[in-house]
Amino acid sequence: MDMKRMRRSPPAADPESDGALRPAAIVAATEKKPRGIAHQRPGSLLLLLLLLLLFVLFLLFAIFSGGHRSLLLDRSLAARYEVLEETVQGFGNGTIPSFVAAKDKLLHGLLAAGFDDQSCLSRYHSVFFRKESPHIPSPYLLKKLRKYESLHEKCGPNGQFYKQSTEQLRSGHGSRSAECKYVVWISYSGLGNRMLSLSSAFLYALLANRVLLVDKGSDMNDLFCEPFPANSWILPPDFPIKEFTNFDIKTPTSYANMLRSKAITNHIDGASTHSLPAYTYLHLSHDYDVFDKLFFCEDDQRVLDNIPWLLLRSNNYFVPSLFLVPTYKEELRKLFPEKDTAFHHLGRYLFHPTNSVWGLISRYYNSYLAKADERVGIQVRVFDEGGTGPFQYVLDQILACTVKEKLLPDLSPGQEAAVLSPNARSIAVLMTSLDSGYYEKIRNMFWERPTSSGEIISIYQPSYEGHQQTEKRTHNMKALAEMYLLSMTDTLVTSAWSTFGYVAQGLGGLQPWILLKPENKTVPDPPCRRAMSIEPCFHAPPFYDCKTKQGIDTGALVPHVRHCEDVSWGLKVVNQDEW
């Protein structure tokens, strides 16, 4: 790590700090009796030994607690804490770096301790790349996560209970008294959709006291570390049901189709003329029908509670509709006193990029973003199928939003070079898009003309893949890296309807400005709108009253579940208790 570029004046030592020895005091003590240490006064000698012992203890603590690795993480960590080259390179002057324990790597207890640090660097290191979140997980959520981890250790893959449960599954018959119950998440859709649906499935597992197992698909092992400390979340390859990757709305064993065929009923007791099934398939994708949507009804949850294995396929963030299930109302209130933090907490708990992806993230951040005074993220996703971009109306909308909301400064009317102040603020703008055109045009604008207020603007874009390539491993690795980089910015602009942007805002705890969807290739007025909360939007919610069995506006039932800013029929959770 090259620290020579970062020399600054050393900070004044805190006279009351235990983290700094005061050499002058030691010199003064030794000068009084120059005849050797044996002739020192007992008090002075004791003080000297005590100071030396404290220094050694602090040094050992810094080394063996992982502090030596923290010191060497990267240039950005030192830059953000204004650490001196002398401080980092040597302890000889008695200065212990204050940032060794300056950030809570367990995120206020959200993460479990005890993982191997080197096998998944992002788990404990990502905290150094973001501002500290103002959203603190509730004690009840922490307790629930520790309880779940114990359940996952007991019932997860390769254990005795898992073997018994799969044997029961092979028999084709369910059991109301099963020791362990499961929800299997089926990998499906683009990466942003997958992360949102997986976090939804995990919250459902917490609420229903089930164990979450994950279909690894083609790339889950390349993207994410294991989130649970004592057992894998990956569904073993010898899972008895082989055809689940082809399940869809027509699958006979779906909950909806079993209700239609009267194989099961959604009466309170869930009884039928047939035996209880060993599993059922939950089709919660965008094309689901009215019978599939009964999943969100209280009576149907009682039926599902008796089925040991639930196989779930979704491309939606369906958390908002879980907030409307009466059975889960009180539990969700205790889990998330700040109602709009579900994905923020669960996403940071579940999704830790592998070392390969973390290398993409940390190298890019250190090279281009770390030294800026401010970081602005702009996520561009265009859903216009009429021709190839870049589109001028999209560029105009981006500029109208960022200038109107004062996220970026105005350009000077002339091209004359401004007198550069030594204290000029630097703003690094991180753009993500499948197209490089918007980045190139905005970069050239800030290169060719100075800003009216003297800021130094740098524009960066990590990749431009041309089109979405859902099944390509390297494409998804870059996509995950860019979502994380956007989550590390100070201010974020996202595109309407984009799950990519939802993930970034949720992980970063950022309340973004949303570029509203253009109509007829014209810039909307206003061009963007501030999000009501940091939560993602559920694009395909049910509009059904389970009690009256009639259609209803589910965005008008409770004040904390409302329609989204970017998808008028969608639902999102907001942190409000009153209308």
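**Disulfide close-ups**

The structure holds five disulfides (cysteine sulfur pairs within 2.5 Å). Bonded cysteines, counted along the protein chain, pair as 1-4, 2-3, 5-9, 6-7, 8-10. This is a predicted model, in which local features need pLDDT of at least 70, side-chain atom pairs count only at pLDDT 80 or more, and totals for chains, interfaces and linings use all residues. Residues are numbered from 1 along each chain as its sequence is written, and side-chain values use heavy atoms, with hydrogens and water left out.

**View A. Cys155 and Cys180 form a disulfide.** Their sulfur atoms are 1.9 Å apart. The link is left-handed, with -65 degrees about the S-S bond. Distant parts of the chain are linked, 25 residues apart: Cys155 is in helix H7 (residues 139–155), and Cys180 is in the loop between helix H8 (160–171) and strand E1 (182–185). Helices (H or I, at least four residues) and strands (E, at least two) are DSSP runs, numbered from the N terminus. Both Cys155 and Cys180 are buried (under 20% relative accessible area, 1.4 Å probe, protein chains only).

**View B. Cys401 pairs with Cys528 in a disulfide.** The sulfur atoms lie 2.2 Å apart. At 90 degrees about the S-S bond, this link is right-handed. Cys401 sits in helix H17 (residues 392–404) and Cys528 in strand E10 (residues 528–530), 127 residues apart. Cys401 and Cys528 are buried.

**View C. A disulfide joins Cys537 and Cys564.** Sulfur separation is 2.0 Å. The S-S torsion is about 95 degrees, so the disulfide is right-handed. Cys537 lies in the loop between E10 and strand E11 (561–563), and Cys564 in the loop between E11 and strand E12 (571–573), so the pair ties together parts 27 residues apart in sequence. Cys537 counts as buried at 3% relative accessibility; Cys564 counts as buried at 7%.

Methods: Buried means under 20% relative accessible area, exposed over 50%, partly exposed in between (1.4 Å probe, protein chains only).
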